[in-house]
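These are notes for a colleague who is opening this entry for the first time. The points below can be read alongside the sequence and the 3D view.

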Amino acid sequence: MRISRALLALLAAARGCDSFTAVLTRPSSSSSSREGRSRGATTTTTTALSSTSREGRIRRATTTTTTTTTTALSSTAEEVGSGGTAVVGTPGTADLPWSELGFEYRDTKSHLRMVYRDGRWEEPTLVESPYMQVHIGATALHYGQACFEGLKAFSHADGDVYLFRPDENGMRINRSANRVMMPEIPVDMFVRACNDVVRDNIAYVPPYGSGGALYLRPLLFGSGPRIGLQPSEEYTFLIMVIPVGDYYKGGLAKPVNGLIIDEYDRAAPRGVGSAKVAGNYAADLIPNVQAKKMGYPICLYLDAATHTKVEEFSTSNFIGIDNTNKRYVTPSSPSVLPSVTNKSLQTIARDRGMTVEARDILVEELDTFDEVIACGTAVVVTPIGSLTRLNDPAKGVGGDSSTMYRFTEDVGVTTRALYDQVRSIQNGEIEDVHNWNFKVQ
Ligand code: COI
């Protein structure tokens, strides 16, 4: 996807700050919903079905009414500070156990929602209810026409909040959308939506020093009915936000043991593996749950065609580190998701004088790595302690057919250095030399 010069200017300005504030706060003469923050109520009436079990029949019973509060997006004059900068609010004021957050759903103040109808995106709104009505014929439900993203916002020591590389997620969601015939979201619109939902949920951004972040989960899906196999005519985009801590218990401190999966594949060579579509993650559920039961919190998938090459983990990309030769090795496969974290770590590794190799990695080559890392937005930089292949074809039948590849028992030096550097940039503790942080305003 190409980004226009105007968009690049907008994104660059957002990194600095002033022009983006103007985009968000300058009143428009044409649309009243853009000018003022209006609260409205949409009332939805549903008829619940209940059954009288003794009689064994179903009858219509209660009528429940749910009220959804929506907020049209924009900033009012009162919300703009005297210097012309929008007043964002203080992160970390919600009543939450900030240092104990894991990676699980929590209610927050609102999510952002935007509908594509009649060939165009309508104005986004902030919705307080975490429930939504979806048409029973929605293509997302039947044919998996859905994709999502994951990115984070971080508090800095001065109380400002920054999104990490939201433009990259904006570009990636459009690549995913294209793959399953959904409309693109202009990247500036995506970045602004991320900004606005974080701003509305500023109390839920974990405070500086807690180690947590506000995780943004943008989701785009076919919400219109289609029963023949065709793309939808209506789409819904939403961004939910959740304060999170470590994905794997213990975080960086505790290397995770992984299982190499031979019974299942995540993605086919010309399939949808490089798109962040919902079904790729459903494909991982059985192996994921089985592996966890066996004591392996993470699964590593191989290439579906030959089962000889490393592809990616259930949740994240694969990196192998060879400290002797200062090499950072990561698979280059058309069925691997291009991770924004991996891309950032590659830049950091090059800055540190390492050689980055994006290429095929044979399973046997795992023996040559000193450290192995799982990396992604949710898992950040997770050290892998070992990888086990239960039925290693190299061992043939009979006897013990398993192979265990062991890496560092504690966190490796390079893993720690990469982690520290990317987290310090995200926390605003070292200079953001690559301009990755976007100030929320
Ligand atoms: C992310 O890292 O943001 C993801 O979407 C991965 C998911 C399995 C949590």
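How many aromatic pairs does a search of the whole structure find? The search finds eleven.

1. The model is predicted. The chain has 441 residues, and 51% of them count as buried. Its secondary structure consists of ten helices and 20 strands. Among contacts between residues at least 6 apart in sequence, 72% join residues at least 24 apart. The accessible surface of the chain is about 20700 Å², and carbon and sulfur atoms account for 50% of that area.

2. The largest core. In soluble globular proteins, nonpolar side chains tend to be buried together. Here the largest nonpolar core holds 36 residues, and Leu163, Val198, Leu216, Leu220 and Phe237 have the most contacts inside it. At least two residues each come from strands E3 (111-117), E7 (151-155), E8 (161-164), E9 (213-222) and E10 (235-244), and from helices H5 (166-179) and H6 (187-200). Helix H6 gives the largest share, seven residues.

3. Leu216. Which residues does Leu216 contact, leaving aside its neighbours within four places in sequence? The list runs through Glu149, Gly150, Leu151, Lys152 and Ala153, then Leu163, then Cys194, Val197 and Val198, and finally Ile239, Met240 and Val241. Leu216 is also one of the residues with the most contacts inside the largest core.

4. Phe164 and Trp436. A pair of aromatic rings is described by the distance of the centres and the angle of the planes. For Phe164 and Trp436 the values are 5.8 Å centre to centre and 80 degrees between the planes, an edge-to-face arrangement. The two residues are 272 apart in the chain: Phe164 is in strand E8, and Trp436 is in the loop between helix H10 (413-426) and strand E20 (437-439).

5. Tyr116, Trp121, Phe190, Tyr235 and Phe237 are linked into a cluster by ring pairs. Tyr235 also has a polar contact of 3.0 Å, side chain to side chain, with Gln145. Gln145 sits in the loop between helix H4 (139-143) and strand E6 (146-148). With a relative accessible area of 6%, Gln145 is buried. Beyond residues up to four places away in sequence, Gln145 touches residues including Val180, Met181, Met182, Leu220, Phe221 and Pro231.

6. Ser110. This residue is in the loop between strand E2 (57-72) and E3. Its relative accessible area is 4%, so Ser110 is buried. The side chains of Ser110 and Asp200 make a polar contact of 2.7 Å. Not counting residues up to four places away in sequence, Ser110 touches Leu126, Val127, Glu128, Val197, Asp200, Asn201 and Val241.

7. The ligand. Around the ligand are Phe148, Gly150, Tyr215, Arg217, Tyr247, Lys276, Tyr281, Thr315, Thr377 and Ala378. An oxygen atom of the ligand lies 2.8 Å from an N or O atom in the side chain of Lys276. For Arg217, the distance from a polar side-chain atom to a ligand oxygen atom is 3.4 Å. With Ala378 the protein atom is a polar backbone atom, 2.9 Å from an oxygen atom of the ligand. On its own the ligand has 290 Å² of accessible area, and the protein covers 90% of that.

8. Positive phi values. Two residues are worth a look in the viewer. Asp118, which is not a glycine, has a positive phi near 50 degrees. Asp118 belongs to the loop between E3 and strand E4 (120-121), and at 75% relative accessibility Asp118 counts as exposed. Val380, also not a glycine, has a positive phi of about 55 degrees. Val380 is in strand E18 (380-389), and is buried, with a relative accessible area of 16%.

Key:
Residues are numbered from 1 along each chain as its sequence is written. This is a predicted model: local features need pLDDT of at least 70, side-chain atom pairs count only at pLDDT 80 or more; totals for chains, interfaces and linings use all residues. Side-chain values use heavy atoms; hydrogens and water are left out. A nonpolar core is a set of buried Ala, Val, Leu, Ile, Met, Phe, Trp, Tyr and Cys residues joined through side-chain atoms within 4.5 Å. Buried means under 20% relative accessible area, exposed over 50%, partly exposed in between (1.4 Å probe, protein chains only). Helices (H or I, at least four residues) and strands (E, at least two) are DSSP runs, numbered from the N terminus. Contact means heavy atoms within 4.5 Å. Rings of Phe, Tyr and Trp (its six-membered ring) pair if their centres lie within 6.5 Å; planes under 30 degrees apart count as stacked, over 60 as edge-to-face and the rest as tilted. A polar contact is a pair of N or O atoms within 3.5 Å; within protein, one must be able to donate a hydrogen and the other to accept it, and residues adjacent in sequence count only if both atoms are side-chain atoms. Accessible areas come from the Shrake-Rupley method with a 1.4 Å probe; for residues, only the protein chains shown count as cover. A residue is near a molecule or strand if one of its heavy atoms lies within 4 Å of it.
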